[in-house]
Amino acid sequence: MPATMKRQMRRSKPAAPGSRREIELVIERLGGGGDGIGTVDDQRVYVPFAAPGDRVRARLGRPDGQAYRGEFIELVQPGSNHREPPCPHFGPCGGCQVQHLAAPVYTEWKQGLLAGALARNGFEIEVGALVETPPRSRRRASLAARHGRLGVFLGFNEAGSSRIVDLTDCVVLRPEITALLPPLRAVLARILPENGGADVAVTLLDDGIDLVIVAEAGLDLARREALAEFAAAQDLARLSWRGADGFTDPVAHRRAGVVHFDEVPVAVPPGGFLQASAEGEAALTRLVRDGVGQAKRIADLFCGAGTFALPMARGAQVTAIDGEAASVEALASAARRGGRGERITAQRRDLFRQPLTAAELRGFDAVVFDPPRAGARDQAEALAASTVPVVVAVSCNPSSLARDARTLVDGGYRLERATPVDQFLWTPHLEAVAVFRR
């Protein structure tokens, strides 16, 4: 680990109040959040940035139950599972937690996140091989910006802090996004008041970058002109401003803002949800289509703008439902233009407040559901009471997926397979696809 990285870690990880004791310990295993775990005084110690086999020096915080939270000080001796992190910002930046893990232990840890969540809910199943996505493939990011007296800091927050790590590079994001950082920083310096901040959602679409700036500052004429000039100079597809009132102002919509699902162009709403990478999207779509098989009537719940609905509509009638009106309209319009309007019925419905009932699910050959991180507890209960032959669950949270899987299996389904997809490199976040059959 470079000496510069050690110094950065020291600055960004101040000791907890009351912590004094410094120790050396050997890391034995990894926790679910990516911290290394060792033992001192018969109690666990969680230390960030450490791999199994590493000998580290750490400062103990106050004990929390049967464990200590350790502040990383120094890597004394790297073990065989340690590698040099590829990013100069690793450590202070809260975007990645485990760039220091060698490939075999990293893969085992990622698979274990899904396997462990399922095991805690009573499942004895060998999860599928980890589907990997490459570095520099993330096509969307939520960045923080702050205009201070030294200029604009733009990047990700430090872990557990509001401080911003000013990015010069990112080994996760697409190069088109990292190339935008310097000019974006410059225009934010022009439009943000001193001590003012903003959140910036940036998404690389098929026809260019979609940028949404969320700030409390008002959008006066000077700011509007500066942003329009910036959008033209950087050839952005769209630039929108969202103020304190929540209204999204289309400052510079130079192109439609299109992404293709199964070759069908979809004009997604500004800041609209997409899978984190095109590679991850392709893997999830393949797993979903394999799961539904030859089903002819499919319900796609929490469908978004049609990531799975449009590909499935090649050979099936799809009822696609989501609570976001803009996404539903984008899907419906794309289906009509793409010649699949007769195969897709797009409906707006809040599935958290009004899940499809067992009676409404009657007649579907398969159901796909892809809810937010909280999962779909009520919808899973309705599915468990239904007669749908096949259910395919897509999730970005192994814990809520395992909970919903328990509900389905208790209702008569069999968990056939579960496959982890690593869209969020070097983090504890994990996508997964699980297939259930009656």
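Colleague: In which sense do strand E13 and E14 pair, and over how many bridges?

Modeller: Strands of a sheet pair through backbone hydrogen bonds, either parallel or antiparallel. In this predicted model, E13 (residues 238-242) and E14 pair in the antiparallel sense, over five bridges. Trp241 stands opposite Asp249 in E14.

Colleague: What is the strand order of the open sheet?

Modeller: The sheet has seven strands in the order E10-E9-E8-E11-E12-E13-E14, and the pairing is mixed. E10 (164-166) and E14 (248-253) are the edge strands; each has a single partner strand, so one side of each lacks a neighbour in the sheet. From one strand to the next the twist averages 30°.

Colleague: Which strands does helix H3 lie across, and which does helix H4?

Modeller: H3 (residues 175-191) lies across E8, E9, E10, E11, E12 and E13, and runs at about 135° to E9. H4 (residues 221-233) lies across E12, E13 and E14, at about 45° to E14.

Colleague: Now the loop residue. Is Gln99 buried or exposed?

Modeller: Buried means under 20% relative accessible area. Gln99 has 2%, so Gln99 counts as buried, although this residue lies in the loop between strand E6 (67-77) and helix H2 (103-120).

Colleague: What does Gln99 touch, beyond residues up to four places away in sequence?

Modeller: Gln99 touches Arg83, Pro85, Pro86, Cys87, Phe90, Val171 and Trp426. With Cys87 there is a polar approach: a polar atom of the Gln99 side chain lies 3.2 Å from the backbone nitrogen of Cys87.

Terms used:
Residues numbered from 1 in each chain as written. Predicted model: local features only at pLDDT ≥ 70, side-chain atom pairs only at ≥ 80, totals over all residues. Heavy atoms only, no water. Helix = DSSP H or I, 4+ residues; strand = E, 2+ residues; numbered from the N terminus. Buried < 20%, exposed > 50% of the residue type's maximum accessible area, 1.4 Å probe, protein only. Polar contact = N/O pair within 3.5 Å; in protein donor to acceptor, adjacent residues only side chain to side chain. Contact = heavy atoms within 4.5 Å. Pairing = 2+ DSSP bridges. Axes fitted to C-alpha atoms, helices over the stretch in contact; angles between N-to-C directions.
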